[in-house]
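Please keep the sequence and the model in view while reading.

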Amino acid sequence: MMRMRHLLESQQLDPDLLFHLFSQAELFRRNPNLRPLNGKIMATLFYEPSTRTRLSFESAMLRLGGEVISTENAKEFSSAIKGESLEDTARIIAAYADCIVMRHYEDGAAKKAASVSRVPIINAGDGKGQHPTQALLDLYTIYRELGRIEKMKIAMVGDLSSGRTVHSLSYLLGKFKDIEIIFVSPKNLRMKEEIKEYLSRHKVNFREEEDLNKILSEVDIVYMTRIQKERISAQDYEDAKGKYVINLNNLNLLKSSSRILHPLPHVEEIDLPLEVEQSDKRVAYFRQAENGLYIRMALLCYLLECDNFSHASTLNFVANLS
Ligand code: CP
């Protein structure tokens, strides 16, 4: 199997590689003393804000024995402010680090950087494009929570037009059988046509709805997302704000085996008391964020070729989930 060099979009990830990464993530979860990336350096280059993605990547690298260099708020504090092109920045940083994790406000920015970089580029979110490592941790969480990916019904809820997490997750789900997706959004924030066409080509059943409560009882996963004020018009934001909320009134429409995921940060679309978030097993988004650490450890090892590329350990993976 040819190794993936950069991770730019989730279409690059096939089920074999996904299960390999899941099994490596379990290995790191259970063996905190492994240091396979000793001597390696990761650069984080974030032109947009982040809590989870940047810090979980940095923690992943440090836990694996590697080191991190970073420019916080690259839009202001890198030489981009002096007019340096993204390509020049990527070429320079590739000389200082063994891989680059990059978030940018423009669609396609990671691809642009990868076209000139001699080290792996990891797309940590590009504009309204994709966020493939979020989809990776989302799928890993679904697998850990449900014990399966296939034969699963998922609702993706919120601003589906500019939400890069739902774009990447849709592409990833297109790789599996017996998946049904319900896209729940206002009419003007619907899933992109190109993604619906991709799902049709891959024979994934999907439909579009506007009423969240109507579909809650039928799904295994409800994937909530924030209405992205910063990426849509003020009018679209006002129309959509507060339209889709999980609260005490509709929580019990969900089956006891269902799970609520959210890439986070959440604002008003999750309105549950802290004690419910802490005690109700259906609330899975904090476990989901934690899973990001282990799956990013696995991804770094894979891209830096420090993993043992064997699928044998994935065979009894479900049975061994803790
Ligand atoms: N889910 C996610 O990308 O979170 P951050 O913006 O905090 O990285």
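Where is the place of Leu264? Leu264 is found in the loop between S10 and S11, where helices (H or I, at least four residues) and strands (E, at least two) are DSSP runs numbered from the N terminus.

## Basis of the report

The model is predicted: local features need pLDDT of at least 70, side-chain atom pairs count only at pLDDT 80 or more, and totals for chains, interfaces and linings use all residues. Residues are numbered from 1 along each chain as its sequence is written, and side-chain values use heavy atoms, with hydrogens and water left out.

## Backbone features in the loops

Leu264 has a phi near 65°, a positive value in a residue other than glycine. The peptide bond that runs from Leu264 to Pro265 is cis, with omega near 5°. Pro265 is placed in the loop between S10 and strand S11 (270-271).

A positive phi is also found at Asp178, a residue other than glycine, with a value near 55°. Asp178 belongs to the loop between H7 and S6.

## The parallel sheet

Five strands form an open sheet: it has 5 strands in the order S7-S6-S5-S8-S10, with parallel pairing. Two strands pair if DSSP finds at least two bridges between them. The edge strands, each pairing on one side only, are S7 (205-209) and S10 (259-261). From one strand to the next the twist averages 20°; axes are lines fitted to C-alpha atoms, for helices over the stretch in contact, and angles run from 0 to 180 degrees between N-to-C directions.

Strand S5 (residues 152-157) pairs with strand S8 (residues 221-224) in the parallel sense over 4 bridges. Within this pairing, Ala155 stands opposite Val222 in S8. Helix H7 (residues 164-173) packs on the sheet and touches S5, strand S6 (179-184) and S8, contact meaning heavy atoms within 4.5 Å. The direction of H7 makes about 160° with that of S5.

## Salt bridges

A salt bridge is a side-chain nitrogen of Lys or Arg within 4 Å of a carboxyl oxygen of Asp or Glu. By this rule the count comes to 25 salt bridges. One of them joins the side chains of Glu180 and Lys153 (3.8 Å, N to O). Because Glu180 lies in strand S6 and Lys153 in strand S5, the pair ties together parts that are 27 residues apart in sequence.

The protein chain is divided into domain 1 (10-131 + 291-312) and domain 2 (132-287), with bounds that come from an automatic or database domain assignment. The centres of the two domains, taken over C-alpha atoms, are separated by 25 Å. In contact across the interface are 34 residues of domain 1 and 28 residues of domain 2.

Domain 1 and domain 2 bury about 2,700 Å² between them, 60% of it on carbon and sulfur atoms; buried area is the accessible area (1.4 Å probe) that two parts lose on being put together, summed over both. Lys128, His131 and Asn291 supply 26% of the area that domain 1 buries against domain 2, more than any other three residues. The rule finds 3 salt bridges across the interface of domain 1 and domain 2. Elements that each supply at least two residues of the side of domain 1 touching domain 2 include helix H1 (15-30) and helix H12 (285-303). H1 gives the most to that side, with 8 residues.
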